[in-house]
Each structure stands twice: as C-alpha cells, then as structure tokens.
Amino acid sequence: MSTNQTTDWNALDTDIFRQTVRAFFEQNYPAEMRYPKTRLRWAEIKDWYMTLSKKGWVAPSWPQVYGGMGLSPEKLIVFIEEQERWGVGRAPDMGITMIGPLLIQYGSEEQQQKYLPKIIQGENIWCQGYSEPNAGSDLASLRTDAVEDGDDFIINGQKTWTTLAQDATHIFLLARTDKTVKKQEGISFLLADFTTPGITVRPIRNIAGHEEFCEVFFENVRVPKANLVGGLNQGWGIAKALLGFERIFLGSPKQSQYALSRVEEAAHALGLFGDQGFVDRYTQLQLDVADLSALYVRFVEQVKRGEKLGPDVSMLKVWAAETFSRLANLLVEITGGSGAVAGDIEVNGKKIDVLTSFYNARPATIYGGSSEIQRNILAASVLQLRS
Amino acid sequence: MTSDYLDTERQDNMRMLAESAQTFAIKVSPLTRARGLRGSASGFDRDFWGKLAEQGWTGLLIPEVFSGYGQGFGEMAAVVSALATQVAPEPVVPALVFASRVIENTGNGDLQQQLLASIVAGELIPGVAWQEELAGLQVNLMANAVVAAPTNSGIQLTGEKHHVRPGADCDGFVVTAKQGNDLSLWWVPANAAGVKVKSVALADDTSEASVHFNGVMLDESQCLAQGDAAMVAFTRAYDEALVMTSVELLALQKAMLNMTLEYLRTRVQFGKPIGSFQALQHRAVDLLIQQELTSSVLSQALVMLDDGDTNALERSAMASRIKARASDAGLLLARESIQLHGAIGFTDEYDLGLYVQRALVLSAWLGNGLAQRRRYALIASLSI
C-alpha cells in the first residue's frame, strides 16, 4: 500500500522533493523507454503505471483521500518537470489528468467511489470523447445525442480523434441532450463503459504509420442516468473547467528543447556549425526555445502563487507548438536529400531520425485547440477584438 | 516587470516609482514635446534633463557613495520605461546607464567621484565612444582602430568611433582604446583639443555621432581602467545598456500595439470594425506574442542584473538574448502597426510614426537582432 496518507509532500523542501522524485524515476523507469518517439500503448507502459500506482504516485495532483499525492501546484510542476527531464513516457492518462479531477470536483459520491479507485489501480483506462467529424474547432456544435429513456440515456453518434481509445475500458463524452437551446446549453457530460453493447472502436492510422487515435461509434448505446456527471445540460461548463491548469503543460518547453538537441546533434554530424547561414537560423531557434522557457516560467509562477490562469495562457501553447514545428522543419531541411527517409539515416557514424519530429509537430499545432483557435481566443479575450 | 523580484516590499516600491514616473512623463513629456523637439539643434532638451535631475533620476542607479540614490535596475527600468512610452528624446540610457555604468564599474576614484557627482546633478551628459565599424554585424568590444599610444609628449589618442549617442550636445566621452594589446578606457571631454564630432541624423530626429580623435593628448588622470579591468567594466556596462535599451523597446512595442488595437476596434470598413476580421485578429495576436516574449525574458534579465552574483558569461548571454528579442519584436511591431493602420499609419502627422522611428533607432543601436544572436552564439560556444 502507498505511503500517501502519511506523507505531507507539500511540507517537504522543494529541492528535497525534487531529488526524491528524480531518484525514483532514475532508479525505476526503464531506460529503453526514455524519450519514446510516439505515444506508448497501454501494453508497453502498463508496468510503469503499476509501479507508480504501488508507490502511490500515479495521481500526483489528486487529493490524498482519493489516493493521490495531494501535490500543490508548485510541487506538481516539479513532479512533471522531473518526468520530462528523464523522458518518462506518457501512459494513456486521461483517467488521471482529466476524468479523475473532474469527478472529484463535479461527480457524485457514488461516481467517485465507483471510478476513482479503479483509475488508481490501473483497472480502468479512460479516453476522451469530445471531437466529432463535424465538430472539431467548433466543438460546441457536436451532434452525438443522448435521449432520456426511463432510467437510461440512449446514445447515438460518432466521436473521432479519440486518443488511444483502443486501449481504453471507458470513455467520457459530451453529448447533446437538448436541441432546442443555444448549442453550448444543450450538452451533457456522460460516462460509458466500453463493454456496453453498441459501441465500436476503430483505430485510425496516421501519416506516421501509427494508430494513436480512433473513431468511436455509438449505436443505441444504453447508459444509466447514474452516468451523468453534473447536471443535465451542464456538460459544456464542466468540460471547459477542465481546461484550466492542464493547459499550461501543452506549453512546456521540453518538446522544443528535445527537438533542438536533435537538430544540434544532426548539425554536428553534418558539419553545419561552420555554415553561417545555418548558424544564424539555429541561433534564432535556440533563442525562440530559450524565450519560450521564460514565457513558460511566467505562467508557472502565476500558478505557484495560487492564481488562476487566464485566456492569455493560449499564447504559450501557440509559441510552444509553433517553435517545435519550426525546429522539426529545420531538421528536414538540413538533411537535404535524406529529408524523406523513413527511419534513421546515418551520417558520419551518427544516427539521425529525421521524420519523427516532423510527424509529431503536425498534431502539436492542432490538438488541445489548434493554433488558429488559440489565436481566436487571444484576439477575443485578451485583445478585446470582437468578431 | 516587477513580479520576478522575490522581495515584495521592493516590488511595491518599484510599482510606486513606476506610477510616479508615468504620471510625470505624461504630464511633463507629452508626445507634442517629442514632436516639437524634432529638428532642434541637439534633438533633446537640457532643461528637461534638469527636471530629471530634480526627480533624482539622473542619480537613480548611482551608488550613495557617489552622491546617487543607489537603486537597482528594476527601479531604473520603471523610469526608462515611462520616458520611452512618451518617446522622450533625452539620452537616458546612453548617458545614465551605459556611460555612467562604465565609469562606476571602473576604479579611478577621483575621476569617478567627480564625473558621477556631475551626472547626478544633471550637469554632465556623457556618451560612450566604442564602435569602430559603421555597419558590422559582429559585436566587438575590443578597440582596434582607436589607439592610445605613448609619444614624447605623453599618451595620444587617435582614431574614429561611430554610433555614439547622444550625437550632439554630449559633454564628454568614455572612449575605448587599444593600448599595447589591451583595452583601456579614457574620459575625454567633448571640448578637448583634437576631438571632432560629426553628428549623424537618425530616423527619430535625434542624432548619433562619429567622433574623430585626432591626436588627443591624454593625461593619466583621465584613464578609467586598463587591461582586464577595463574589459570587465566595459562588458558589464554594455550588457546593462542592452537590457535597458530593451526596456525602452518593450515600452515602444506596448505603445504601438495599444494604438493599433484601438484603431482595429474603432476603424469601420465594410460596415464593421476592421478588428472583427480574423485575418487581422491573428496578425494582432502574433504581435502580442512577441511583446509578451520580450516582457517575459526582460523580467528575468532585470532580476539577473540586480543579482550581484551573476556569472559574467551568463549575463552577457542574457543581455544579447533580450536585445535580440526586443529589437526584432520592436521592428515587427513597427512594420505591422503601419500595415494594420493603412495609409494613416504612414503619415508624419499621426503619432505612430514617433514610435516607429524610435524603434528603428533603438533596434539598431548597440547591435541589432542578428548581431546580438551572433554574439549569443559565440558566448554559448565559450560557456560549454
């Protein structure tokens, strides 16, 4: 059993806490899985998830009464920084990062008791059913509907871009429960078990050749009303509330720092540091990454002071994703004629993976709200430019 | 810019200083003053300089032992920012940061005492004469073409420096010179025999100067520092000037973005405010992002300058990094603000031009974005 209920992590000195977390990752996380090139599947990362679970560390942000570590924002940032530093792969973690905190805040006691322990124990794996074929950036126009029928809802429709749904046991989804009101006001937040009849999951192969996201079809899927989270038609507000604190991690500089180190390695192998044209571009990107860190620190400090993040955090996501993208583009460009080789190329005895960053950079500017949507948010809510 | 300081009492003081500096600048230095000084002989106003001295701002950074107020860079930034927002043409950073800090960083007690006291009193406006290339992209802090060489009658200073600000009505120069194989720093009054100042008009109607030292005789008492001590003192002041120029550039960025946003919200075409068009909104957001990157890096840079323990290479890297961001973001804001305004933004009558022209001057001064990135790359390669 974990030591969570007895350890007050927040009382620990930050440096000592950091050392503790670091030491645990370094000693326990499998070396061959550091900095995975793609999202890890449940089968690959399960053992690590269970290691964290046994340690009591699988849900760092949850309150201790629910089996979490109860970390303050400041300590949570340290925890995540250490994960990133050591290149710890991300498990299918929608249960930990999204539905868990949401149930803690909005769920009934019954829902909390039913679902939270199974997330901690790695028994239930959750995925997020938000996007639909015709509701992407305009998410509120979603059409999957849930019709009341006695003690149940009957769900019909389709979700898409559902990350790692093929590994999930459960899905939380937004569904339309009232078609007569303003689109944001007729949406409810529902839970569904994947063993319920009528649910079909079909993986989608992406251009990198991986099956990281899926389509999920609902055909007369009957879920009990007990699976409604929050009130009827309150789903939009609940889903939006989740977007607060987590958004900052989409703006972490780690992805760009890692890509920069790949560019640097490749440039050394290619002998490009004697080329002023390259060096000028490299330095510019190096500073884009450094300055991204400064912007990140600013929002992190805001969180640490206990302040809520405002809509301005969108600029962090834009700059992080677009800087990463520019670095990925540069790697393709400097490898010239080998810029289209699938897998590693070998230059002067050094292996260079040209395309993984390029492929990873494509969704980075799309998921979590595309760069264009982030700019819409910034224009409306920060610059007060109304459409 | 104040929130990165851990000392909350200091934060409060800086906020108060910023407010009083803004109030002062708006009242005493409206944009009409900046506009009115264009085309005047020196491009700035010595009476206004006297008012800065009355406020205590000419001595803000100067330690109390030299009759100043011993405040930090965070405090100085509050004043610099307020004046830059009003496009005040007085050479605050060139004289009160760059030149003053070289003098303060050196070890010549008597000369230091005398010069700094005059600076605090608002009686002396110094500049730094260090650049030898007219259009280089390499930041070279070592002097080569300007030489301090022994002759039968004493040490003689020969050679030419460029891009010296202020370019007119400057009372004297801190001059970097090569002496043997070393750098040396000298104080040379503008009226010394053999000094010839050629003013060069700048985009914002202030000026810089090319200063020719034609066998200027130097007395040992004019020497501020020599050798390693000179390079250390000069590099530090240069870095500090980069950061404080970035403070000015950020103030200009903010002023330009505010003007542009106001225009986007109120200018109606096709029956709607043009700021309702997504193409323009997204361009405005990109300007915001550059402004906030500048602001975030600048906060860290100021804290670093005020932290006495900072390693010199780290400080130089940070100074070049912030000047690169501030310069390029400043130019981007300038160009895009004109474009988003349309033709009105290109007229002399409209105040946007005042900011644009100052941004051009400050982004080029001390080394533009590209030059600073090259310096950063060089420092990064040294730090490994």
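Select α5(B) to start: this helix has 14 residues and spans 18 Å from its first C-alpha to its last, close to the 20 Å expected at 1.5 Å a residue. The expected span is 1.5 Å times one less than the number of residues. Helices here are DSSP runs of H or I with at least four residues, strands are E runs of at least two, and both are numbered from the N terminus.

Before moving on, note that this is a predicted model: local features need pLDDT of at least 70, side-chain atom pairs count only at pLDDT 80 or more, and totals for chains, interfaces and linings use all residues. Residues are numbered from 1 along each chain as its sequence is written, while chains are lettered from A and ligands numbered from 1 in the order in which they are written.

**Stop 1: around α5(B)**

Stay on the helix. 14 of the 14 residues of α5(B) are buried, so the helix is largely enclosed by the rest of the structure. A buried residue has 20 or more other C-beta atoms within 10 Å of its own; an exposed one has 12 or fewer, a partly exposed one falls in between, and C-beta atoms are placed from the backbone.

Now colour chain B by domain: domain 1 is 8-125, domain 2 is 128-227 and domain 3 is 229-383. These bounds come from an automatic or database domain assignment. The C-alpha centres of domains 1 and 2 of chain B lie 23 Å apart. Their contact takes 20 residues from domain 1 of chain B and 17 residues from domain 2 of chain B. Contact means C-beta atoms, placed from the backbone, within 7 Å.

Which elements give two or more residues to the domain 1 side? They are α5 (92-105) and α6 (109-120) of chain B. The largest share, five residues, comes from α5(B). By class, that side of domain 1 of chain B has 13 nonpolar, six polar and one charged residues. Nonpolar covers Ala, Val, Leu, Ile, Met, Phe, Trp, Tyr, Cys and Pro; charged covers Asp, Glu, Lys and Arg; the others, Gly among them, are polar.

**Stop 2: strand β4(B)**

Select residues 172-179 of chain B. This is strand β4(B), with seven of its eight residues buried. Four bridges join β4(B) to strand β1 (residues 126-129) of chain B, and the two run parallel. Strands count as paired if DSSP finds at least two bridges between them. Val128(B) has Val174(B) as its bridge partner in β4(B).

Eight bridges join β4(B) to β5(B), running antiparallel. Ala177(B) stands opposite Ser184(B). The hairpin has two residues between the strands, and Gly180(B) takes a positive phi near 65° there.

Beyond residues up to four places away in sequence, Val174(B) touches Ala99(B), Val102(B), Ile103(B), Pro126(B), Val128(B), Ala129(B), Leu185(B), Trp187(B) and Leu224(B).

**Stop 3: the largest core**

The largest nonpolar core has 224 residues, and Val102(B), Val174(B) and Trp186(B) have the most contacts inside it. Helix α7 (residues 227-266) of chain B gives the largest share, 20 residues. Such a core is a set of buried Ala, Val, Leu, Ile, Met, Phe, Trp, Tyr and Cys residues joined through C-beta atoms within 7 Å.

**Stop 4: strand β7(B)**

Select residues 207-218 of chain B. Strand β7(B) runs antiparallel to β3 (residues 154-164) of chain B, with eight bridges. Gly159(B) has Phe213(B) as its partner in β7(B). Now show β6 (residues 195-201) of chain B, which pairs with β7(B) in the antiparallel sense over seven bridges. Ala201(B) is bridged to Ser207(B). This hairpin has five residues between its strands, and Asp205(B) takes a positive phi near 70°.

**Stop 5: helix α11(B) and chain A**

Select residues 369-383 of chain B. Helix α11(B) has 15 residues and reaches 21 Å, close to the 21 Å expected. Its buried residues include Arg373(B), Arg374(B), Arg375(B) and Tyr376(B). What covers the buried residues includes α8 (276-304) of chain A, together with α9 (312-341) and α10 (352-364) of chain B.

Finally, show both chains. Their contact takes 23 residues from chain B and 22 residues from chain A. On the chain B side, α7, α8 (278-306), α9 and α11 each supply at least two residues. The largest share, 11 residues, comes from α8(B). The chain B side divides into 12 nonpolar, six polar and five charged residues.

Terms used
Contact = placed C-beta atoms within 7 Å.
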